[in-house]
Amino acid sequence: MADRPIGYWLKLVDNLIEERFAAIIEEHGVTRRQWQLLSVISASASTPEQLDHAIAPFVEPDSGERASNHLAELIESGWVAFDGNEYKITDRGTLAFTRLTEVVDGLRNSLAQDLTDAEYRTTVTSLERMARNLGYTE
């Protein structure tokens with residue numbers, strides 16, 4: 001198995017993260033995109049364009065998927081408010097986001113369970129370098 005190329009392992013790990021994350025986060029009544037948007041909005045109020053940009057790496061190119069497709073339910077739940085210009089997290093949303101963060105942190109910790117901090121940092125740094133070598137820019 002060690003002879004498999006890096007692409008195999010990247011794809012496999014990415015799929016496993018997606019599956020586990022979706023299962024865990026959906027148990028709490030939100031989707032992965034909603035979680036990502038809550039994360040961005042909890043850091044600061046955001047325009048629709050900023051939110052579209054924030055989720056762009058996670059959606060299929062040319063799919064037409066926009067942040068607004070995922071925000072209606074968060075607004076209905078009272079977790080997010082929209083003033084016509086920016087989306088802002090509410091007190092209720094902050095409380096929910098705090099609880100969800102604990103769940104997500106648990107998943108992230110299980111992902112790196114048998115790695116030292118140095119091994120984890122080396123892995124992330126190496127992947128970032130590979131992405132840049134392939135043309136990635138922020």
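The questions below take the labels one at a time, for a model that is predicted.

Reader: Why is the pair Arg-33 and Glu-65 called a salt bridge?

Author: The closest N and O atoms of Arg-33 and Glu-65 are 3.7 Å apart. The rule asks for a side-chain nitrogen of Lys or Arg within 4 Å of a carboxyl oxygen of Asp or Glu, so the pair Arg-33 and Glu-65 qualifies. By this rule the count comes to 5 salt bridges.

Reader: Which parts of the chain does the pair Arg-33 and Glu-65 link?

Author: The pair links distant parts, 32 residues apart. Arg-33 sits in helix 2 (residues 32–43), and Glu-65 lies in the loop between helix 3 (48–55) and helix 4 (68–76).

Reader: Is Arg-33 buried or exposed, and how do you know?

Author: Arg-33 has a relative accessible area of 14%. Buried means under 20%, so Arg-33 is buried.

Reader: What makes Lys-88 and Asp-83 a salt bridge?

Author: The closest N and O atoms of Lys-88 and Asp-83 are 3.4 Å apart. The limit is within 4 Å, so Lys-88 and Asp-83 form a salt bridge. Lys-88 is at 36% relative accessibility and Asp-83 is at 46%. Both count as partly exposed.

Reader: Why are Arg-132 and Glu-128 said to be separated by about one helical turn?

Author: Because Arg-132 and Glu-128 are 4 residues apart in helix 6 (residues 117–133), their separation is about one helical turn. This pair also forms a salt bridge, with the closest N and O atoms 2.9 Å apart. Arg-132, at 36%, is partly exposed, and so is Glu-128, at 38%.

Reader: How many residues are in the largest nonpolar core, and which have the most contacts inside it?

Author: The largest nonpolar core has 21 residues, and Leu-71 and Trp-79 have the most contacts inside it. Helix 1 (6–26), helix 2, helix 3, helix 4 and helix 5 (91–111) each supply at least two residues of this core. Helix 5 gives the largest share, 5 residues. In soluble globular proteins, nonpolar side chains tend to be buried together.

Reader: Which residues does Trp-79 touch?

Author: Leaving out residues up to four places away in sequence, Trp-79 touches residues including Val-30, Leu-38, Leu-74, Ile-89, Ala-96 and Leu-100. Lys-88 is also among the residues that Trp-79 touches, and Lys-88 is the partner of Asp-83 in a salt bridge.

Definitions and conventions. Residues numbered from 1 in each chain as written. Predicted model: local features only at pLDDT ≥ 70, side-chain atom pairs only at ≥ 80, totals over all residues. Heavy atoms only, no water. Buried < 20%, exposed > 50% of the residue type's maximum accessible area, 1.4 Å probe, protein only. Core = buried A, V, L, I, M, F, W, Y, C linked by side-chain atoms within 4.5 Å. Contact = heavy atoms within 4.5 Å.
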